[in-house]
Amino acid sequence: MTDKQVTGQNGESLAQQHLSANGYMILDTNWRYGHLEVDIIALKENTLAFVEVKTRSSDKINAPEASVNLQKQRNLFRAANYYVTKHGYGYEVRFDIISIVQSAQGSRLEHMPDAFSPKW
């Protein structure tokens with residue numbers, strides 16, 4: 001496993017801990033639909049959150065969340081649509097980003113609920 005993969009897995013674990021500590025029920029992690037993947041799918045009250053986790057060892061060049069571009073958002077919308085349809089959920093749907101910077105000084109996590117939405 002590469003350093004980048006280890007950093008990503010550590011970040012996803014931190015994100016899951018954060019969500020659980022804040023009242024979310026984790027329904028799925030690394031859920032796949034074809035070649036598309038959703039890092040975390042979590043439920044809180046009547047809202048289903050599709051969470052993209054971005055972890056970096058530094059944010060000197062740009063913030064981790066900046067890498068959630070329009071194509072990544074479109075892929076998440078497609079995967080979420082399939083997930084909701086497959087399970088017959090009637091919950092509100094939201095797209096979150098959890099941005100994590102891990103360094104020798106520790107980890108900094110920022111949860112951005114409703115970070116983006118489809119532009120129908």
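A salt bridge here is a side-chain nitrogen of Lys or Arg within 4 Å of a carboxyl oxygen of Asp or Glu. The views below show a predicted model.

**View 1. Asp96 and Arg94 form a salt bridge.** The N to O distance between the two side chains is 2.7 Å. Asp96 is buried, with a relative accessible area of 0%. Arg94 has 17% relative accessibility, so Arg94 also counts as buried, the limit being under 20%. By the rule above, the count for the model comes to four salt bridges.

**View 2. Glu52, Lys54 and Lys72 are linked in a network of salt bridges.** One link joins Lys54 to Glu52. Their closest N and O atoms are 3.2 Å apart. Lys54 and Glu52 are both buried.

**View 3. Arg32 and Glu37 meet through their side chains in a salt bridge.** The N to O distance is 3.3 Å. Are these residues buried or partly exposed? Arg32 is partly exposed, at 49% relative accessibility. Glu37 is partly exposed too, with a relative accessible area of 26%.

**View 4. β1 and β2 form a hairpin.** Two residues lie between the strands. Gly34 sits in the turn and has a positive phi of about 65 degrees. The two strands pair in the antiparallel sense, over seven bridges. Tyr33 stands opposite Leu36 in β2.

**View 5. Five strands make an open sheet.** Their order is β1-β2-β3-β4-β5, and the pairing is mixed. Which strands stand at the edges? They are β1 (25-33) and β5 (106-116). Each has a single partner strand, so one side of each is left without a neighbour in the sheet. From one strand to the next, the twist averages 30 degrees.

**View 6. β4 and β5 pair in the antiparallel sense.** Strand β4 covers residues 92-103. Eight bridges join β4 to β5. Gln102 has Ser107, in β5, as its bridge partner.

**View 7. Helix α1 lies across the strands.** The helix spans residues 3-21. α1 has 19 residues. From its first C-alpha to its last, α1 reaches 27 Å, close to the 27 Å expected at 1.5 Å a residue. After α1 comes Gly23, with a positive phi near 90 degrees.

**View 8. α1 has buried residues that pack against the strands.** Which residues of α1 are buried? They are Gly11, Glu12, Ala15 and Leu19. Seen down the axis of α1, these residues fall within an arc of 100 degrees, so they line one face of the helix. An α-helix has 3.6 residues a turn, so residues three or four places apart point the same way. The buried residues of α1 pack against β1, β2, β3, β4 and β5. Asp3 and Ala21, on the other side of α1, are exposed.

Key. Residues are numbered from 1 along each chain as its sequence is written. This is a predicted model: local features need pLDDT of at least 70, side-chain atom pairs count only at pLDDT 80 or more; totals for chains, interfaces and linings use all residues. Side-chain values use heavy atoms; hydrogens and water are left out. Two strands pair if DSSP finds at least two bridges between them. Helices (H or I, at least four residues) and strands (E, at least two) are DSSP runs, numbered from the N terminus. Axes are lines fitted to C-alpha atoms, for helices over the stretch in contact, and angles run from 0 to 180 degrees between N-to-C directions. Contact means heavy atoms within 4.5 Å. The expected span of a helix is 1.5 Å times one less than its number of residues. Buried means under 20% relative accessible area, exposed over 50%, partly exposed in between (1.4 Å probe, protein chains only). The arc is that of the directions from the helix axis to the C-beta atoms.
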